[in-house]
Amino acid sequence: MGLKVLLGICYILFFIFVPLYDKAYWPEPSKKSLSCKMVAATAFVGIGVLGMLITDNSSQYANLMIVGLLLGWFGDLFMHIPHPPGNPRMSVVYIGAAGFLVGHIFYVTAFVKTTASLVTSYSFFTVPEIITFFILFIAFALMLKPVFKFEYKNLFMQIALYIYSMFLIVMLIKSCVFGITYYMAGAENGLIGMIILLVGGVFFFVSDLTLGIRLLGSGKGNKTIKTVSLYAYFLAQLLLSTSILFIKA
């Protein structure tokens, strides 16, 4: 009972501090916005950990997701903390972005390994997934400058952006494939598990796309885009942490 109460508190803190973070984060980051952000991030990590304990979920999926959530927490911290005197803030942001990238890898690993455990003939590279990947990636690449007005300071930043977008697209595809597979396999809580994974994957895609538009494209200084990016990200993390309550595979 005590763990369920703590779980409820985590959800309450999440829905209180995400809006507070959104308000405090405009127009610039501050100590208050950092505090609100990290309370919300700690809440979604807590939901994942408590989900494991409440449901006695020690599956490979749950363990990989917890690592991904912790890396998200790490990324949240470094994307927001004040930069050292004399150093550009982007040097700190890169550390946070690296945390998110590695977190995406853990999420994708969880989706792929669990899908493979449900369908023994499953291969990482399937024709429908490859076609979907190239359609999304080419569409994204073609829209970067003419639609989103992306600007690159150097070639390294451009290459890093393409690599990150590739991981993001792969994560979207793998989360959807896993969700559908989990449901089709007749697993317990299959329908809600599928919905969580589909919506969570889409929210993550939207959050990172709008973050890129805000940092490098036409959305600089746009409060609406910042808010969309913020809510999409936190809701994605919330859904993925909540999935541990329902997916045991």
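Just after helix H6, Gly186 adopts a positive phi of about 75 degrees; helices here are DSSP runs of H or I with at least four residues, numbered from the N terminus. The structure is a predicted model, in which local features need pLDDT of at least 70 and side-chain atom pairs count only at pLDDT 80 or more, while totals for chains, interfaces and linings use all residues. Residues are numbered from 1 along each chain as its sequence is written, and side-chain values use heavy atoms, with hydrogens and water left out.

- Helix H6 has 30 residues and reaches 44 Å from its first C-alpha to its last. That span is close to the 44 Å expected at 1.5 Å a residue, where the expected value is 1.5 Å times one less than the number of residues.
- Asn189, in the loop between H6 and H7, has a positive phi of about 60 degrees although it is not a glycine. Asn189 counts as partly exposed at 33% relative accessibility; buried means under 20% relative accessible area, exposed over 50%, and partly exposed in between, with a 1.4 Å probe and protein chains only.
- Asp56 lies in the loop between H2 and H3 and has a positive phi near 55 degrees, again in a residue other than glycine. Asp56 is exposed, with a relative accessible area of 61%.
- The peptide bond from Trp26 to Pro27 is cis, with omega near 5 degrees. Pro27 is placed in the loop between H1 and H2.

**Nonpolar cores**

- The largest nonpolar core has 53 residues. A core of this kind is a set of buried Ala, Val, Leu, Ile, Met, Phe, Trp, Tyr and Cys residues joined through side-chain atoms within 4.5 Å.
- Two or more residues of this core come from each of helix H1 (2-24), helix H2 (31-55), helix H3 (60-78), helix H4 (89-118), helix H5 (127-143), helix H6 (155-184), helix H7 (190-216) and helix H8 (223-246). H2 gives the largest share, 11 residues.
- The residues with the most contacts inside this core are Phe44, Tyr61, Met65, Tyr107, Phe111, Phe234 and Leu240.
- Met65 touches Tyr107, Ala110, Phe111, Leu240, Ser243 and Ile244, not counting residues up to four places away in sequence; contact means heavy atoms within 4.5 Å.
- A second, separate core has 11 residues, among them Leu144, Phe148, Phe150 and Leu161.

**Salt bridges**

- The count comes to 3 salt bridges, each defined as a side-chain nitrogen of Lys or Arg within 4 Å of a carboxyl oxygen of Asp or Glu.
- Lys223 pairs with Asp22, the closest N and O atoms being 3.4 Å apart. This pair links distant parts of the chain, with Lys223 in helix H8 and Asp22 in helix H1, 201 residues apart.
- Lys223 is partly exposed, with a relative accessible area of 29%, whereas Asp22 counts as buried at 10% relative accessibility.
- Lys37 forms a salt bridge with Asp76, with the closest N and O atoms 3.9 Å apart. Lys37 lies in helix H2 and Asp76 in helix H3, so this bridge ties together parts that are 39 residues apart in sequence.
- Both Lys37 and Asp76 are buried, with Asp76 at 2% relative accessibility. Leaving aside neighbours within four places in sequence, Asp76 is in contact with Lys37, Met38, Ala41, Phe44, Phe100, Tyr233 and Phe234.
- The side chains of Lys174 and Glu129 meet in a salt bridge at 2.4 Å, N to O. Lys174 lies in helix H6 and Glu129 in helix H5, so the pair ties together parts that are 45 residues apart in sequence. Lys174 and Glu129 are both buried.

**Nonpolar surface patch**

- Met1, Leu3, Val5, Leu6, Ile9, Leu13, Val49 and Leu53 form a nonpolar patch on the surface, with about 710 Å² of accessible area together. Accessible areas come from the Shrake-Rupley method with a 1.4 Å probe, and for residues only the protein chains shown count as cover.
- Patches are made of residues with over 30% relative accessible area and no salt bridge, with like charges joined within 9 Å and nonpolar side chains (Val, Leu, Ile, Met, Phe, Trp, Tyr) within 5 Å.
- H1 and H2 are the elements that give two or more residues to the nonpolar patch, and the largest share, 5 residues, comes from H1.
- Leu6 is found in helix H1 and is partly exposed, with a relative accessible area of 42%.
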